[in-house]
Amino acid sequence: MEFRHVPVLFGETIESLRIQPNGVYVDCTAGGGGHSAAILERLSPEGLLIAIDRDPDAIENLRQKFGGAPNVRVVHENYINVARVVSEMGLAGVNGVLADLGVSSYQRYTPERGFSFHLDAPLDMRMSQEGLSAFDVVNPSDEAELRRIFFAYGEEKFASSIAGRIVAARKIKPVETTLELAEIIKSGIPAKARREGGHPARRVFQAIRIEVNGELENLQQSVYEMFGVLAVGGVLSVITFHSLEDRTVKNVFRELSTGCTCPPDFPVCVCGKTPRGRVCCKKGPSAKELEENPRARSAKLRSIEKLK
Ligand code: SAH
């Protein structure tokens with residue numbers, strides 16, 4: 001199994017965590033282990049790295065990579081359960097948490113995982129390799145549901161016409177493979193628009209992937225859970241890859257870093273709320289990184305420090 005992943009905003013992310021050698025750090029999306037390895041390098045034998053991923057292939061790879069290290073725990077979990085993972089280890093709070101959202105290059109470029117519109121494979125796209133697959137979204141959903149998914153999770157302008165094409169194609173036979181789907185999507189986009197903004201199937205594939213993996217549904221709660229496991233002074237850093245994810249993270253961070261919520265015309269504060277966090281970093285990729293790594297195109301890093 002080849003497990004290569006070029007992480008984006010790498011140096012910025014590691015720096016944002018302000019790693020203390022004896023601290024405890026949770027990598028919620030350990031994937032190919034790039035960020036995890038950099039965290040581990042900065043830890044002393046008293047420090048601890050908890051490397052989480054929901055993908056069994058990633059876990060196997062992480063166990064091979066870090067299995068022998070006494071200060072690493074590799075955990076096969078969904079990051080929404082990070083609080084349980086941390087408390088089961090008897091830890092009261094951790095010094096840093098990282099989430100590098102989205103799919104890994106390994107997932108994207110392993111044909112049989114069915115994420116890529118370039119590689120022909122059965123429609124799958126499940127990060128955890130269990131539950132409903134892309135096939136189960138594309139084939140049984142009615143036209144309105146497909147339209148909603150493409151529009152909400154892909155911001156696809158031609159959601160209606162693409163959903164119509166899929167429903168028409170399904171009358172002849174189920175849509176079974178990535179390339180079949182990519183062709184149908186293309187046929188639902190006017191020729192002029194097909195030439196703009198990258199591969200014509202990109203947005204719909206993103207939308208289906210988000211639906212299959214419940215990525216946005218669970219993100220808000222997950223970010224609160226990640227913040228919740230921090231000790232005072234700890235930092236949560238999240239890397240997002242599209243505006244929908246980024247908006248969710250930004251809104252949670254805003255809520256956490258907002259103090260008083262009294263209406264502005266109240267002469268004195270009656271809610272007594274003070275901020276729980278302080279936003280400490282917001283970064284996008286440098287021009288150099290954009291040139292070297294197309295995955296960095298819409299990446300954003302946001303960090304928040306826990307104040308209380
Ligand atoms: N930073 C990593 C790459 C992360 S890619 C590196 O340096 O190699 C994103 C990873 O997050 C994928 O492996 C994916 O399986 C995992 N992932 C996505 N959603 C998850 C979730 N809800 N819980 C746990 N892992 C998740």
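The model is predicted, so local features need pLDDT of at least 70 and side-chain atom pairs count only at pLDDT 80 or more, while totals for chains, interfaces and linings use all residues. Residues are numbered from 1 along each chain as its sequence is written, and side-chain values use heavy atoms, with hydrogens and water left out.

Next, show the N and O atom pairs. An N or O atom in the side chain of Asp53 is 2.7 Å from an oxygen atom of the ligand, and a polar backbone atom of Arg54 is 3.1 Å from a nitrogen atom of the ligand. From Gln107, a polar side-chain atom lies 2.8 Å from an oxygen atom of the ligand. The protein buries 98% of the 580 Å² that the ligand exposes when taken alone, the areas coming from the Shrake-Rupley method with a 1.4 Å probe.

Now display the cavity, defined on a 1 Å grid over the protein atoms alone as a set of points where a 1.4 Å probe fits but cannot get out, with lining residues having an atom within 4 Å of a point. The ligand sits in the largest cavity, in the sense that more than half of its atoms lie within 2 Å of the grid points. The largest cavity has a volume of about 420 Å³, and of its 34 lining residues, Thr29, Asp100, Leu101, Gly102 and Met127 lie nearest its centre.

Finally, turn to the largest pocket, a pocket being an open set with protein on both sides within 12 Å along at least five of seven lines. Its volume is about 790 Å³, and its lining of 27 residues has Arg108, Arg202, Gln206, Arg295 and Arg297 nearest the centre. Helix H11 (202-213) is one of the helices that supply at least two lining residues, and H11 gives the most, with five.

Notes: A polar contact is a pair of N or O atoms within 3.5 Å; within protein, one must be able to donate a hydrogen and the other to accept it, and residues adjacent in sequence count only if both atoms are side-chain atoms. Grid points are joined across faces, edges and corners, and a volume is the space filled by probe spheres set on the points. Helices (H or I, at least four residues) and strands (E, at least two) are DSSP runs, numbered from the N terminus.
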